[in-house]
Amino acid sequence: MSRNAINQRTSIDVIMLTKDSLLPCLRESLDAIECSALMANITVRLIIVDKTSTDGTLAEIMRHEELSPSIIRDDFGNRATARQRGIEAVETDFFVFVDSDVILESNWFSKMLEVIKNPDVGAVWGYVDPIDPLEKLEKKHILRLYRRTQEQMTQKHSAGRGLTHDTIIRIEAVKSIQIPPQLHVWEDHYIRLHIENQGYKWINHPDARCSHARHTRTANDAYLSAYYGYRLGGLKLFWFFRRAFIDPIISTYLLFKTKSIEMLRIRIMQYINFQRAFVHIIAQRLM
């Protein structure tokens, strides 16, 4: 693929990973892709990489004929293998990762295309607003605690972390990528590292927005996130020390503000498994 300017009528492949993804908002997510593509005057082909969905996910996807959906089965894979297979199926100069629990704003494609036209840019990640009321409340109080705006916090978080909730990518920047199959988490950051190692920029677009439902993370997800975050250089040992001392204080503060036992349960689960990963990392360093 070349770095030529985008034609007036652009075709873009959109990759979505699914596994029983009908809830919380698959239909709204697909509708938003259609709407945003129409406003930007582009043609979309939806590439679905699915893992054993049985809840009506695939039937809902096939009802969106305007997106020309194609299904790739990855029944024994994970997020790393699914993203790799999706990338290998791309046929357009630019493609998009959109999560099945993300709803793009109507002018998302238009804003992203303006930025990705720069030949030095390999990927652009959009701004994420939470859908879940509890997550919104939690973030509101965290922002007050740190005396920052949501935009400032997003910029800080995205400066050192590759995320793919809603990301447009230049295929030339990833044509040689081989995502390690063990990366059930942080596979998105690996993609960023590869793009930057190819000499391209990975940037955040603060004005291209989407709404994002809260992830349901397991204890193992939290452990792997901390472990591979360190292995890929996204997290430093200081991060673990800081979380060990600061998290109990923040969790107590948030419990007082939100009165949510569920929020506390999630944060305790994360805390325990972040520290479990830290012990594993230290043990490996001492061996």
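What share of the 287 residues in the protein chain is made up of buried residues? Buried residues make up 49% of them, where buried means under 20% relative accessible area, exposed means over 50%, and partly exposed lies in between (1.4 Å probe, protein chains only). This is a predicted model, in which local features need pLDDT of at least 70 and side-chain atom pairs count only at pLDDT 80 or more, while totals for chains, interfaces and linings use all residues. Residues are numbered from 1 along each chain as its sequence is written, and side-chain values use heavy atoms, with hydrogens and water left out.

**Overall fold**

- The protein chain has ten helices and eight strands, which are DSSP runs numbered from the N terminus (helices: H or I, at least four residues; strands: E, at least two).
- The radius of gyration of the protein chain is 19 Å, close to the 19 Å that the globule rule gives for 287 residues, so the chain is as compact as a globular protein of that length; the radius is taken over C-alpha atoms, and the rule is 2.2 Å times the number of residues to the power 0.38.
- Along its principal axes, the C-alpha trace of the protein chain spans about 55 × 45 × 40 Å.
- Among contacts (heavy atoms within 4.5 Å) between residues at least 6 apart in sequence, 79% join residues at least 24 apart.

**Salt bridges**

- The structure holds 18 salt bridges, each being a side-chain nitrogen of Lys or Arg within 4 Å of a carboxyl oxygen of Asp or Glu.
- E91 forms one of them with R45, and the closest N and O atoms are 4.0 Å apart.
- Because E91 lies in the loop between α3 (79-88) and β4 (94-98) and R45 lies in strand β2, this pair ties together parts that are 46 residues apart in sequence.
- E91 counts as exposed, at 60% relative accessibility.
- D74 and R85 meet through their side chains in a salt bridge at 3.6 Å, N to O, and, since D74 lies in the loop between β3 (70-73) and α3 while R85 lies in helix α3, the pair ties together parts that are eleven residues apart in sequence.
- D74 is buried, with a relative accessible area of 9%, whereas R85 is partly exposed, at 35%.
- E135 and K139 also form a salt bridge, with the closest N and O atoms 3.9 Å apart; both residues lie in helix α5 (residues 133-146), four residues apart, about one turn of the helix.

**Aromatic rings**

- A search of the whole structure finds nine aromatic pairs, meaning rings of Phe, Tyr and Trp (its six-membered ring) whose centres lie within 6.5 Å, with planes under 30 degrees apart counted as stacked, over 60 as edge-to-face and the rest as tilted.
- The rings of Y227 and Y228 have centres 5.2 Å apart and planes at 80°, so this pair is edge-to-face, and both residues are buried.
- Ring pairs link Y230, W239, F240, F241, F274 and F278 into a cluster.

**The residue S53**

- S53 lies in the loop between β2 (42-50) and α2 (57-62), and this residue is buried, with a relative accessible area of 13%.
- Leaving aside neighbours within four places in sequence, S53 is in contact with T18, K19, D20, S21 and R73.
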